[in-house]
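Here is a short tour of one structure. Start with its open space, then turn to its core.

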Amino acid sequence: MKGKCVRASAPGKLIVLGEHSVVFGKPALALAIDRRFRCEISPGSGILLNGTGLSPRLHPHIDTILRKREVSDLNIITDSNIPSGSGLGSSAALSAALISAVRLMRGEDCGEEAVAREAFETEYEVQGRASPIDTSTSAHGGGVAVNCPEGMGKPIWNISKGENSWTVSDIPVPEMTFVVGYTGIKAATGPLVEKVRKYKESNRFASDIIDEIGDLTLEGMAAVSRDDKEHLGGLMTRDHKLLSILGVSCRELNRLVDASLEYSYGAKLTGSGGGGSMIALTDEPEKVCKAISLRGGEPFIVRTGVPGSAAGFTNS
Ligand code: PMV
């Protein structure tokens, strides 16, 4: 691959409502957060990731992106403050950033829709199944709703796969404070998505739970649009209970959610679960951080609504 050095970055995200059920075409709401994956690429000889050879097992997203594009000579340097396997969209951010960089270097369309589509295909291949919520939020930034009611957001693109179709919309989100509590437990998304699929296929009750998450997500979107934190928080806590019934929570997440509730409108796991992170919607972020720390979690306050993926040439 010929060309100059390119730098790119993309944000992580938190899912306010709708993870897992969104994989089956239900609605979801996510916000880009002020944690980013950054990469710098330059022409090289062979593929080098941070100075060493690329392991497809350890870096399936990078391997998939480069393999599908038949890139065999590239130097990649990465840097990220999104913990991997934390439910905060580190793989989607990695995919969106690297795809933006490669597209710019090759003189291809590196607009956010092209990046979101390719990043979705990458996640789908690596996870075996996926929705576009993570990758679209990372590419677009701000607030992103999938399959929201007409008039609530501005539709930006539509993505279909198999029997599912997702209309992705930009959604205005009022100022809200979220605290993230990271359990420190890394959990891969693919096996958790597969667990829910199997449960849904074998059990009518699981399908009902997924429908219920879809309904409460629509209710949550309406609460966001009228800035009703009280109602939104209650729905988040209920969503956590439903996700627990689906089998994607764990003791550590439940402990951090319970600890946050005293000082929050609501709290829930975010992303695929099984470890990873929870979020709390609160006006008392310092108190929530303390409660999370006391239960062994790693808390951080996030700023939401940040810009999506971006890439540019550098002189180095
Ligand atoms: O844990 P993360 O950041 O990969 O989020 C996964 C969200 C799911 O709804 C569980 C899967 C998906 O593709 O939407």
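## The largest pocket

Helix 2 is the leading contributor to the lining of the largest pocket, giving 4 residues. This is a predicted model. Other elements also take part. Strand 1 (5-17), helix 1 (60-68), strand 5 (74-80), helix 3 (112-127), helix 4 (133-140) and helix 5 (189-202) each supply at least two lining residues, as does helix 2.

The pocket holds about 870 Å³ of space. By class, the lining has 18 nonpolar, 19 polar and 7 charged residues.

## Where the pocket sits

Why does the largest pocket lie between domain 1 and domain 2? Both domain 1 (5-172 + 305-314) and domain 2 (178-302) give residues to its lining, so the pocket lies between them.

## The largest nonpolar core

In soluble globular proteins, nonpolar side chains tend to be buried together. Here, the largest nonpolar core has 95 residues. Leu66 and Phe178 touch the most other members. Helix 2 (residues 90-105) gives the most to this core, with 10 residues. Domain 1 and domain 2 both give residues to the core, so the core too lies between them.

Which residues does Leu66 touch, leaving out those up to four places away in sequence? They are Ile47, Leu54, Val71, Leu74, Ile76 and Leu98.

How values were computed: Residues numbered from 1 in each chain as written. Predicted model: local features only at pLDDT ≥ 70, side-chain atom pairs only at ≥ 80, totals over all residues. Heavy atoms only, no water. Core = buried A, V, L, I, M, F, W, Y, C linked by side-chain atoms within 4.5 Å. Buried < 20%, exposed > 50% of the residue type's maximum accessible area, 1.4 Å probe, protein only. Domains from an automatic or database assignment. Contact = heavy atoms within 4.5 Å. 1 Å grid on protein atoms, 1.4 Å probe; cavity = no way out; pocket = protein on both sides within 12 Å on 5 of 7 lines; lining within 4 Å. Points joined across faces, edges and corners; volume = space filled by probe spheres on them. Nonpolar A, V, L, I, M, F, W, Y, C, P; charged D, E, K, R; others polar.
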